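This briefing concerns the arrangement of strands, helices and loops in a single model. Please consult the sequence and structure shown here before reading the points that follow.

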Amino acid sequence: MAAFLATPAGWPKVLTGRVDALAADPSDLDAAVRHGAFAGLRKVVRDLGATGTIATLSASGLRGRGGAGFPTGEKWRAAAAQPDGQRYVVANGYGADPSVRTDAALLAADPWSVVEGIAIAAFATGATEAILVVRAEDQALVTLLEGAVVAAEEAGFLGDDVLGSGHRVTVTIRPMQGSYMLGEETVLIRALEGKRAQPDQRPPYPTQRGLFERPTVVNNVQTLAIVPWIIREGIEAFAAIGSRTSPGTALVQLRGPSGGGGVEVPLGTPLRELVRLAGGTGDRQLKAVLVGGSTGGLLPPDLLDTPYDHESLAAVGAHLGAGSVVLVDDRACVVDLARILTRFAADSACGKSIPCRIGLRRLSEIGDRAADGRPKPTDAALLGDLAHDIAASALCDHERLATLPFTSALRHFRGELDDHLLRSRCPAGVCTPIAVGAAAASGGSR
């Protein structure tokens, strides 16, 4: 589980504000309440009501922290507007990317922020049942969360009569096993129903027809944990954090040769600052930064002033994704890294869409040929064309984003890619049959 790094002085703590206070015992509800837990829920029930809560979230500009960045208030409003009947809230704490554990770390350090966020979401959208999904192998976390739900029910924050409002909210902890695809909301819904975990064509959206064909709000646990802070502190305080189009903070998993960990980052922070927090690359030269996790984009050092927010990263060929920033030094080969990431994406694909099922495999094979020193004359053109077609016909974000490692390499590291595809050379001396220059002379090939 990711360890939180020390938050730099002056940076706001929206998600981790109670972590230190609960360090001795994260299950201590009384301690959490003393430090602000469930004050937001009280305000929602007693002052704002469902309509006022959704209006507050919409005005705050909060966007989902699961990767897509969809406006949270808009999603909640769509679910609340559906005809009367059963509605659901699904909190995704599964943490599908194998390299990122910030969601689990947040749940383990302060389960109350997520439980409160779930209660507010259910109250605002009219849902009476909520499901919090976590990894089945995190048994200690499952036990902690089950205890937190029981304690919240006994205190009146959940159950048949939430804070005397007459509204019932039942929360179930659902341990699950599955693949990377569980990060996609419609895949998660089908898995919860016991069906094959594949994405649905949209529309209709889950807010219209989701779990068991009923209106469903699916939010990442970080999104839900931010909601009580906004209700408690106000939309002006939230808008003052982050960037104009991406307000607030997010948890980021930093990794580099010197180590790393999870840190709460104001959106809009330059990548250069995240590289510094990750410890840099020591005496090695920084070659690239992988931003967005397993389906992220590879960015060169001259783009380190890029703000860490949705629009800025998309403009340079990356994305927030799972909230991962990995430093790559000059010992690595960009082509080798891109093909490994693409092979993971191909292996993780659910198989529903032909461009994804077959296209990603072909993309991975081009990378294998390039790394093995046996490229075809048409591979350079085919790589770009195939990646474009896969993304253009995508059924879900996995398919759309899985092309980023290679498309970002084409965009920012074209010389190294051409060395492999056109000249069968690996400047880094990493790829097995081909090693040239200083790296080869020093025995750098493997």
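Strand S7 (residues 286-291) runs antiparallel to S8 and is joined to S8 by three bridges. Helices (H or I, at least four residues) and strands (E, at least two) are DSSP runs, numbered from the N terminus, and two strands pair if DSSP finds at least two bridges between them. This is a predicted model, in which local features need pLDDT of at least 70 and side-chain atom pairs count only at pLDDT 80 or more, while totals for chains, interfaces and linings use all residues. Residues are numbered from 1 along each chain as its sequence is written, and side-chain values use heavy atoms, with hydrogens and water left out.

**Confidence**

- The chain has a mean pLDDT of 93, and 96% of its residues reach 70 or more; pLDDT is the predictor's confidence in each residue, from 0 to 100.
- Over residues 437-446, pLDDT stays under 50, and the model has 14 contacts beyond four places in sequence for this stretch. Contact means heavy atoms within 4.5 Å.

**The five-stranded sheet**

- S7 and S8 belong to an open sheet of five strands with the order S6-S5-S9-S7-S8 and mixed pairing.
- Strand S6 (259-266) and strand S8 (297-299) are the edge strands, each with a single partner strand, so one side of each has no neighbour in the sheet.
- On average, neighbouring strands of this sheet are turned by 25° against each other, direction ignored. Axes are lines fitted to C-alpha atoms, for helices over the stretch in contact, and angles run from 0 to 180 degrees between N-to-C directions.
- Opposite valine 289 stands leucine 299 in S8.
- Helix H12 (residues 334-348) lies across S7, S8 and strand S9 (324-329), and runs at about 160° to S8.

**The four-stranded sheet**

- A further open sheet has four strands in the order S3-S2-S1-S4, with parallel pairing.
- Its edges are formed by S3 and S4, each with a single partner strand, so one side of each is left without a neighbour in the sheet.
- Strand S1 (residues 88-92) runs parallel to S4, with five bridges joining the two; valine 89 has valine 217 in S4 as its bridge partner.
- Helix H5 (residues 111-125) packs on the sheet and touches S1, S2, S3 and S4, its direction making about 155° with that of S1.
- H6 also packs on the sheet, touching S2 and S3, and its direction makes about 175° with that of S3.
- Seven bridges pair strand S2 (residues 129-135) with strand S3 (residues 170-176) in the parallel sense, and alanine 130 stands opposite valine 171 in S3.
- A right-handed β-α-β unit is made by S2, helix H6 (residues 139-154) and S3. A crossover is right-handed if, with the strands pointing away from the viewer, the path from the first strand over the helix to the second runs clockwise.

**Helix packing**

- Two packed helices are described by the angle between their axes and the distance between the axes.
- H12 packs with helix H16 (residues 404-412) at an angle of about 155°, the axes being 8 Å apart.
- H12 and H16 are therefore roughly antiparallel to each other. Angles under 35 degrees count as roughly parallel, over 145 as roughly antiparallel, 65 to 115 as roughly perpendicular and the rest as oblique.
- In this contact, Val334, Val335, Ala338, Arg339, Leu341 and Thr342 of H12 meet Pro405, Phe406 and Ala409 of H16.
- The contact of H12 with H16 has seven nonpolar, one polar and one charged residues. Ala, Val, Leu, Ile, Met, Phe, Trp, Tyr, Cys and Pro count as nonpolar, Asp, Glu, Lys and Arg as charged, and the others, Gly among them, as polar.
- Helix H2 (residues 39-60) and helix H8 (residues 221-233) have axes that come within 9 Å and cross at roughly 100°, which makes H2 roughly perpendicular to H8.
- Residues of this contact include Lys43, Leu48 and Thr56 of H2, together with Val227, Ile230 and Arg232 of H8.
- The contact of H2 with H8 comprises eight nonpolar, four polar and two charged residues.

**Loops and backbone geometry**

- Arginine 202 and proline 203 are joined by a cis peptide bond with omega of about 0°, and proline 203 lies in the loop between helix H7 (185-192) and strand S4 (216-220).
- The peptide bond from proline 203 to proline 204 is likewise cis, with omega near 0°.
- Phenylalanine 212 is not a glycine, yet has a positive phi of about 50°; phenylalanine 212 is placed in the loop between H7 and S4.
- Glycine 351 lies in the loop between H12 and helix H13 (354-372). Beyond its neighbours within four places in sequence, glycine 351 is in contact with Gln198 and Arg357.
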